[in-house]
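Subject: Model handover and findings

Hello,

Here is the model for your files. Please look it over, then read the notes below.

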Amino acid sequence: MRIDNRNSVFDVLRLLLAIVVVGIHARVFAVGWGYPLCRLAVPLFFILSAYFLYNKIDCGLDGGVAAIRRFVKRNWMLYAFWVIVLLPYFLYVYKQRWFGRGWLGCYDSLNRIFVIGVQSYWFIIAGIVAMVTSYVILKYLGEKTLWCISIMGYLAAVVSSSHCYLMDDIPVVRELYDYFVLVYERPEFTFIGALIWISTGMWFARWQEESSVISLSCVVLDILLCLFAIALLLAEASYVRRKTGMGTCDVYAALPFAVWSVFRIVSRLKINLQ
């Protein structure tokens, strides 16, 4: 499905995802089985951005560098706007954390504002860095290298978020992780965790079926795979809750399978059945 046959269902999906993200931060979906499912929202946003950007590039409607430059400019301006609007609030709420620890607090402040992203807006910065990184790796090192780096980055995010107990028996790894978080941030809140979603969007843009007709059996199989992936995600969330006592994690090992299956179904909603 190319850019001239854009699936309008994506616009509805974006609206629903925005509502879910607001609900997460408003603590509406902070408990129960709904929370792991709501964690599909941000990855799907990343995938949508990469899907349309790489679709334009591969169709020749836009040059790669020019498309990336416009993406960076548009999202950086969006981020800058919200930082300016909310900066007085953040300065008031986090003044002790940012300015009560000397040079470390000053570094943390600058790092969060200009490198990581302030609070709920981390995904804008992560999306910018991940999109640029994916394009550079894809152009100079190839798609296999991009996938290897993306998967390794996501595994680091999984261990950091939902399976952090795996580091308890390896002191060296725990020390390295703590130092990384101190000078940068937890992987799941940076481009390290976002890179796999950008790669997935690129993959969908390049390998989406060109045919406007698909068999009913394919649709049924997609739905069954989606249900299985969601069940796997909920099972993992339940295990993590029992293992660690944490009821709200941002990243799960089964999350990519659920996100991939949902996006695959949505991308086919406008295709005629045979």
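First, a term: a salt bridge is a side-chain nitrogen of Lys or Arg within 4 Å of a carboxyl oxygen of Asp or Glu. The model is predicted, so local features need pLDDT of at least 70, side-chain atom pairs count only at pLDDT 80 or more, and totals for chains, interfaces and linings use all residues. Residues are numbered from 1 along each chain as its sequence is written, and side-chain values use heavy atoms, with hydrogens and water left out.

**Overall**

The protein chain holds 12 helices and two strands. Both are DSSP runs numbered from the N terminus: helices are H or I with at least four residues, strands E with at least two. In sequence order the pattern is α-α-α-α-α-α-α-α-α-α-β-α-α-β.

Of the 274 residues, 44% count as buried. Buried means under 20% relative accessible area, exposed over 50%, and partly exposed in between, with a 1.4 Å probe and protein chains only. Areas come from the Shrake-Rupley method with a 1.4 Å probe; for residues, only the protein chains shown count as cover.

Contact here means heavy atoms within 4.5 Å. Take the contacts between residues at least 6 apart in sequence: 78% of them join residues at least 24 apart.

**Salt bridges**

How many salt bridges does a search of the whole structure find? The search gives four. Side chains of opposite charge can pair when their charged atoms come close.

- R264 and D222 meet through their side chains at 3.0 Å, N to O. R264 lies in helix α12 (residues 255-268) and D222 in helix α11, so the pair ties together parts that are 42 residues apart in sequence. Both residues are buried.
- R186 and E188 form a salt bridge at 2.4 Å, N to O. R186 is partly exposed, at 27% relative accessible area. E188 is buried, at 5%.
- D168 and R174 form a salt bridge at 2.9 Å, N to O. R174 counts as partly exposed because its relative accessibility is 24%.

Two loop residues deserve a look. A polar contact is a pair of N or O atoms within 3.5 Å; within protein, one must be able to donate a hydrogen and the other to accept it, and residues adjacent in sequence count only if both atoms are side-chain atoms.

R39 sits in the loop between α2 (34-38) and α3 (41-58). R39 counts as buried, at 14% relative accessibility. Its side chain makes a polar contact with the side chain of Y35 at 2.4 Å. Neighbours within four places in sequence aside, R39 is in contact with I24, C249, D250 and L255.

H163 is in the loop between α8 (143-161) and α9 (171-183). Is H163 buried or exposed? At 10% relative accessibility, H163 counts as buried. The H163 side chain makes a polar contact with the side chain of E236 at 2.7 Å. Leaving aside neighbours within four places in sequence, H163 is in contact with V158, E236, Y239 and V240.

**Cysteines**

A disulfide is a pair of cysteine sulfur atoms within 2.5 Å. The whole structure has zero disulfides. C164 is in none; the nearest cysteine sulfur, that of C249, is 7.2 Å away. That distance is too far for a bond. C249 is buried, at 1% relative accessibility.

**F123**

F123 is in helix α7 (residues 122-140). F123 counts as partly exposed, at 29% relative accessibility. Beyond neighbours within four places in sequence, F123 is in contact with V42 and F46. F123 and F46 are 77 residues apart along the chain, and their C-alpha atoms are separated by 8.5 Å.

**Surface patch**

L216, V220, I223, L224 and L227 make a nonpolar surface patch of about 450 Å². Patches are made of residues with over 30% relative accessible area and no salt bridge: like charges are joined within 9 Å, nonpolar side chains (Val, Leu, Ile, Met, Phe, Trp, Tyr) within 5 Å. L227 lies in helix α11 (residues 216-244). L227 counts as exposed, at 52% relative accessibility.

Best wishes
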